[in-house]
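Thank you all for coming. Please have a look at the chain on the screen, and I will then walk you through a few of its parts.

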Amino acid sequence: SGLHVSLMTGMFYFLCIRLGMTRELTAIILLCLLPAYIFIAGGSPSVIRSVIMSILILASTVLWKKGSILDVISFACIIMLLYNPYFIANIGFQLSFLVSASLILSSRGIFKYYSTTIPSLFVVSLLSQITSMPVLLFHFYEFSLMSLPLNMVYVPLYSVVILPFALLTVLLLSVFEPIGQIFAATLSWMLEILNHVTVWISQFSFSVLTIGKPEWVLMILYCASIFYFLICWEKKKTFMQRGLFAPIIVLLLHLLLPYLNPNGEITMLDVGQGDSIFIELPYRKGIYLIDTGGT
């Protein structure tokens, strides 16, 4: 979620410092370049959030005033909503701010228990997974069971290998094209392999848990249970196991509710080529989809 903005800003910043530029001059150059990157990267809400946060942090560096990172993300949220209030309904906006805010709020609490690389990476992935779960279920009715282990591999791989390699490829293509073409072919080969692996993993039925869209009561229970889990985790590392039961219980309740529902359901679907009929029996004793399709 806007990770490439942070990485590229950080690399450019420290490169300029190494070349002898002052911090203030480097920050001013970045303040001029970052807004243009919003258009280059497509202007998704996660990119806009990351760019605004980077601009605010750099501006504070120039002005010699230090604000908390929580103030920065809050101000970025206000700016985006003032510009376009409908961002609040955008899934990218919701996930970007939710996950980023959870990581920021956990930086001085939960992360103090984990100082080494692998445990920290696991904690980042787990926090991202569990805090985004209600939003993912609300919009997509499912969430990936493989995202936790895959994030631990893909995030450092893209951060340390793919993105720097891509920047080096662009540089070589503009300086010495024959060598740049070799690097571009290598980069394309790496991306194709990663894509094939991802598609292959997604084909397994156990990789995704599909449980349906939660009702508002369940959404409130999900949010409350996750909040309780994070509080338990922050207070003491050993309390994590006790707090983890709360979201698991809500998840099990979500899975069992259809089998406890005494009402059946018949839904007529207009699919454009005729009618499709969905039938669900009471207590989910059977589910039928009647659809003859096209020709």
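Predicted model: local features only at pLDDT ≥ 70, side-chain atom pairs only at ≥ 80, totals over all residues.

Let me begin with Y283, which counts as partly exposed because its relative accessibility is 40%, where buried means under 20% relative accessible area, exposed over 50%, and partly exposed in between, with a 1.4 Å probe and protein chains only. Residues are numbered from 1 along each chain as its sequence is written, and side-chain values use heavy atoms, with hydrogens and water left out.

Y283 is found in the loop between β4 (275-280) and β5 (287-290); helices (H or I, at least four residues) and strands (E, at least two) are DSSP runs, numbered from the N terminus. Although Y283 is not a glycine, its phi is positive, about 60°. R284 also sits in the loop between β4 and β5, and R284, again not a glycine, has a positive phi of about 50°. With a relative accessible area of 31%, R284 is partly exposed.

Now to the interior. A nonpolar core here is a set of buried Ala, Val, Leu, Ile, Met, Phe, Trp, Tyr and Cys residues joined through side-chain atoms within 4.5 Å. The largest one has 21 residues, and V5, I48, V51, M53, L58, M80 and F97 touch the most other members. Two or more residues of this core come from each of α1 (3-18), α2 (23-40), α3 (45-62), α4 (69-83) and α5 (91-106), and α3 provides the largest share, six residues. Which residues is F97 in contact with, leaving aside its neighbours within four places in sequence? They are R49, I73, A76, C77 and M80, contact meaning heavy atoms within 4.5 Å. A second, separate core has 20 residues, among them Y114, L126, I130 and L148.

Turning to helix α6 (residues 117-140), we find a bend of about 50° at M133, with a proline, P134, following within four residues; the bend at a residue is the angle between axes fitted to the seven residues ending there and the seven starting there. After α6 comes Y141, whose phi is positive, near 65°.

Finally, L257 lies in helix α10, and L257 is partly exposed, with a relative accessible area of 37%.
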